[in-house]
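Subject: Structure for your reading

Dear colleague,

Please find below the structure that I am handing over to you. I would be grateful if you kept it open while reading the notes that come after it.

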Amino acid sequence: MEQRNKTLGEFLIEHQTAFKYSTGELSKLINALRLAAKVVNHEVNKAGLVDILGAAGETNIQGEDQQKLDVLANEKFIQTLKNREIVCGIGSEEEDDFISINSQDEQHQNKYVVLIDPLDGSSNIDVNVPVGTIFSIYRRVTPIGTPVTLEDFLQPGINQVAAGYIVYGTSTMLVYTTGHGVNGFTLNPAIGTFYLSHPKMQFPETGNIYSINEGNYVHFPQGVKDYIKYCQEEEDDRPYTSRYIGSLVSDFHRNMIKGGIYIYPRSSKARKGKLRLLYECNPMAFLAEQANGLASDGYRRIMEIQPTELHERAPFFCGSRKMVEKAESFMAQYTDS
Ligand code: P6P
């Protein structure tokens, strides 16, 4: 029989025991995300054909116009996670507060909380640029059987038990980790099955791509300005190539395959940067470290930051190890930049 790629379902069964808390719950969780991903993928891919483009007329807590697909993706992921009776709480970029899921069943033993950015890069939707979903999974820290509290969500990234993203690009991929490396699965839309297409993904130790919105150059800290100039000098393997899609998941995914660094620093316009610590920086940092990369705020490991607010932001330097270390060396020259 010809050898074919493993399906996501087969992979989950094969690696069930590797998940240290597993009683099959992680598989149910990833399966819930897989189902929602297929539904959202279907909507994203037909966005141009039906009237779900354009803002939903509301703004989210971030003050950003909510695109209709944002709202739909948020509803799909929340509903699917609720239905699977594995999760006791959800924090979403599109929800002002966390959602507590209290089953009527007094044996309510759901142990996990999920933090999610249902559709990151959504401003790209109506210009047909890839967007993504980012998720981050923790075990609750408050007593099982009681309603979740904010404490269950404000955990440092080092406590994550799983994290990943779905990228709705030229092909739709689910990329995730449970702390045992990073694996990528590509959807065959004809049959609705994800196949293991990128086993053991790793950032090249260095690269020649830097991803940053240089339109904000004048507002950047001096350390970032110096690093950008370093990337542009004609020396050694430089100048590097500038690639910025404006969709974190897509820039991250390309950099993980080709080598590169993504930077969204703080600036005089955004004192803590733009990306959200809990449902963008931490899950991407978990993936980066599991793929031999690094993720910092320019000075310290992202996953060691103790969150204080559900929607707090953090500066983000992430990618190939040597490139992040080089950028940090420029930041270190200026204490208050
Ligand atoms: P800017 C999308 O809104 C996002 O959160 C990331 O996906 C993306 O990298 C970044 O913001 C783009 O922000 O300010 O450069 O348009």
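This is a predicted model: local features need pLDDT of at least 70, side-chain atom pairs count only at pLDDT 80 or more; totals for chains, interfaces and linings use all residues.

The five-stranded sheet

The model contains an open sheet of 5 strands, arranged in the order β12-β11-β13-β15-β14, and the pairing within this sheet is mixed. The edges are taken by β12 (241-242) and β14 (293-296); each has a single partner strand, so one side of each is left without a neighbour in the sheet. Strand β13 (residues 261-264) and strand β15 (residues 316-320) run antiparallel and are joined by 4 bridges. To locate this pairing, you may look for Ile-261, whose bridge partner in β15 is Gly-319.

Helix α4 (residues 222-232) touches β11 (209-211), β13 and β15, and its direction makes about 150 degrees with that of β11. Helix α5 (residues 248-258) lies across β11, β13 and β15, and runs at about 165 degrees to β11.

How much of α5 is covered? Of its 11 residues, 9 are buried, so that the helix is mostly covered, where buried means under 20% relative accessible area. Among the buried residues of α5 are Leu-248, Val-249, Phe-252 and Met-256, and also Asp-251 and Arg-254. After α5 comes Gly-259, which has a positive phi, near 95 degrees.

The contact of α4 with α7

Helix α4 also meets helix α7 (residues 321-331): their axes come within 8 Å and cross at roughly 130 degrees. That angle makes α4 oblique to α7. The crossing in which α4 passes α7 is right-handed. On the α4 side, the residues taking part are Gly-223, Val-224, Asp-226, Tyr-227 and Tyr-230, and they meet Met-323, Lys-326, Ala-327, Phe-330 and Met-331 of α7. By type, the residues of this contact divide into 7 nonpolar, 1 polar and 2 charged.

Strand β6 and its partners

Elsewhere in the chain, strand β6 (residues 131-139) is mostly covered, with 8 of its 9 residues buried. Which strands pair with β6? Strand β5 (residues 112-120) runs antiparallel to β6 and is joined to it by 7 bridges. Strand β7 (residues 162-168) likewise pairs with β6 in the antiparallel sense, over 7 bridges. For orientation, Leu-115 has Ser-136 of β6 as its bridge partner, while Val-131 stands opposite Tyr-168 in β7.

Leaving aside its neighbours within four places in sequence, Ala-314 is in contact with Tyr-264, Lys-272, Leu-275, Leu-277, Cys-281 and Ile-302. From Ala-314 to Lys-258 there are 56 residues in sequence and 25 Å in space, C-alpha to C-alpha.

Arg-300 is also found in the loop between β14 and β15. Its relative accessibility is 47%, so Arg-300 counts as partly exposed. Not counting residues up to four places away in sequence, Arg-300 touches Ala-295 and Ile-305. Arg-300 and Leu-277 are 23 residues apart in sequence and 13 Å apart in space, C-alpha to C-alpha.

A cis peptide bond joins Arg-238 and Pro-239, with omega at about 10 degrees. Pro-239 lies in the loop between α4 and β12.

Two asparagines have a positive phi. Asn-128, in the loop between β5 and β6, has phi near 60 degrees, a positive value in a residue other than glycine. Asn-128 is exposed, with a relative accessible area of 73%. Asn-292, found in the loop between α6 (277-290) and β14, has a positive phi near 70 degrees. At 28% relative accessibility, Asn-292 counts as partly exposed.

Yours sincerely,
A colleague

Terms used. Residues are numbered from 1 along each chain as its sequence is written. Side-chain values use heavy atoms; hydrogens and water are left out. Two strands pair if DSSP finds at least two bridges between them. Contact means heavy atoms within 4.5 Å. Axes are lines fitted to C-alpha atoms, for helices over the stretch in contact, and angles run from 0 to 180 degrees between N-to-C directions. Angles under 35 degrees count as roughly parallel, over 145 as roughly antiparallel, 65 to 115 as roughly perpendicular and the rest as oblique. A crossing is left-handed if the near helix is turned anticlockwise from the far one by less than a right angle, and right-handed if clockwise. Ala, Val, Leu, Ile, Met, Phe, Trp, Tyr, Cys and Pro count as nonpolar, Asp, Glu, Lys and Arg as charged, and the others, Gly among them, as polar. Buried means under 20% relative accessible area, exposed over 50%, partly exposed in between (1.4 Å probe, protein chains only).
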